Amino acid sequence: MRKNKVVGHFVKYSISVLLLSILFFSCNENKKLQSQLFATLDSNYTHLTFINQLKPNPGFNLFTYMYYYNGAGVGAGDFNYDGLIDLFFTANQGDNKLFLNKGSIKFDDVTVAANIPQDKGGSTGVSVIDFNNDGLLDIYVFKVGLYKTLNSKNQLLICQGINKQGIPFYKD
């Protein structure tokens, strides 16, 4: 009999805690909705103009390559050591791009000046690391190799330095 009373009190206590938790978290959820944490910024403001546009064709699409929509990737790091996080975008069927952060969430496309090679091969990801331990961030781009219409190889882009304009430049 005593055991049933203990179980009954435990159940009542558990239900009370559950109801209070639901009430507490639902109130916090309303507060979260009232204060916006993120906002969409237009590319006219940020100057980030990267689009990973996929163009299927009869020879290369989801049915002929099951990883078609897996996406590419983005690498973030301070490539020019100015204290701001820069972005390197990879594309499945287009050009990879390096954007340097100029502050206030505004970026410059420095892909050409940075000597980023383009082979139109299917990029599948990117890693940012100081590969050769020289204090400069290098970029490793993962690619789809020899498959159907894709003919490329992974790229290890070693930073050769930072020019007078503050742009890092790379060699494959």
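Author: Two residues are in contact here when heavy atoms of theirs lie within 4.5 Å. The model is a predicted one.

Reader: By that rule, which residues does serine 123 touch, not counting residues up to four places away in sequence?
Author: Serine 123 belongs to strand 5, residues 123–129. With neighbours up to four places away in sequence not counted, serine 123 touches Gly71, Ala72, Thr90, Ala91, Asn92, Asn96, Val141, Phe142 and Lys143.

Reader: Is serine 123 buried or exposed?
Author: The cut-off for buried is a relative accessible area under 20%. Serine 123 has a relative accessible area of 0%, so this residue counts as buried.

Reader: In what order do the elements of the protein chain run from the N terminus on?
Author: The protein chain holds two helices and eight strands. Read from the N terminus on, the order is α-α-β-β-β-β-β-β-β-β.

Reader: What share of the residues of the protein chain counts as buried?
Author: The accessible surface of the protein chain is about 11600 Å², and carbon and sulfur atoms hold 61% of that surface. The protein chain has 172 residues, and the share that counts as buried is 31%.

Reader: Which residues have the most contacts inside the largest nonpolar core?
Author: In soluble globular proteins, nonpolar side chains tend to be buried together. The largest nonpolar core in this model has 16 residues. At least two residues of this core come from each of strand 3 (97–103), strand 6 (138–143) and strand 7 (155–162). The residues with the most contacts inside the core are Phe79, Phe88, Leu98, Ile116, Ile139, Leu157 and Tyr170.

Reader: Which residues does a second, separate core include?
Author: This second core is separate and has six residues. Among them are Phe50, Phe89, Ala91 and Phe107.

Reader: Which residue takes a positive phi in the hairpin of strand 7 and strand 8?
Author: Five residues lie between the strands of this hairpin. The positive phi is near 80°, and the residue that takes it is glycine 166.

Reader: How many residues apart are lysine 97 and aspartate 109?
Author: The side chains of lysine 97 and aspartate 109 form a salt bridge, at 3.6 Å from N to O. Lysine 97 sits in strand 3 and aspartate 109 in strand 4 (residues 106–109), and the pair is 12 residues apart.

Reader: Why does the salt bridge of lysine 153 and aspartate 172 tie together parts that are apart in sequence?
Author: In this salt bridge the closest N and O atoms of lysine 153 and aspartate 172 are 4.0 Å apart. Lysine 153 lies in the loop between strand 6 and strand 7, while aspartate 172 lies in the segment after strand 8, so the parts tied together are separated in sequence by 19 residues.

Reader: Which residues make the nonpolar surface patch of about 270 Å²?
Author: One member, leucine 41, is in the loop between helix 1 (2–34) and helix 2 (43–46). Leucine 41 counts as partly exposed because its relative accessibility is 41%. The patch is made by Leu41, Tyr45 and Ile105.

How values were computed: Residues are numbered from 1 along each chain as its sequence is written. This is a predicted model: local features need pLDDT of at least 70, side-chain atom pairs count only at pLDDT 80 or more; totals for chains, interfaces and linings use all residues. Side-chain values use heavy atoms; hydrogens and water are left out. Patches are made of residues with over 30% relative accessible area and no salt bridge: like charges are joined within 9 Å, nonpolar side chains (Val, Leu, Ile, Met, Phe, Trp, Tyr) within 5 Å. Accessible areas come from the Shrake-Rupley method with a 1.4 Å probe; for residues, only the protein chains shown count as cover. Helices (H or I, at least four residues) and strands (E, at least two) are DSSP runs, numbered from the N terminus. Buried means under 20% relative accessible area, exposed over 50%, partly exposed in between (1.4 Å probe, protein chains only). A nonpolar core is a set of buried Ala, Val, Leu, Ile, Met, Phe, Trp, Tyr and Cys residues joined through side-chain atoms within 4.5 Å. Two strands pair if DSSP finds at least two bridges between them.
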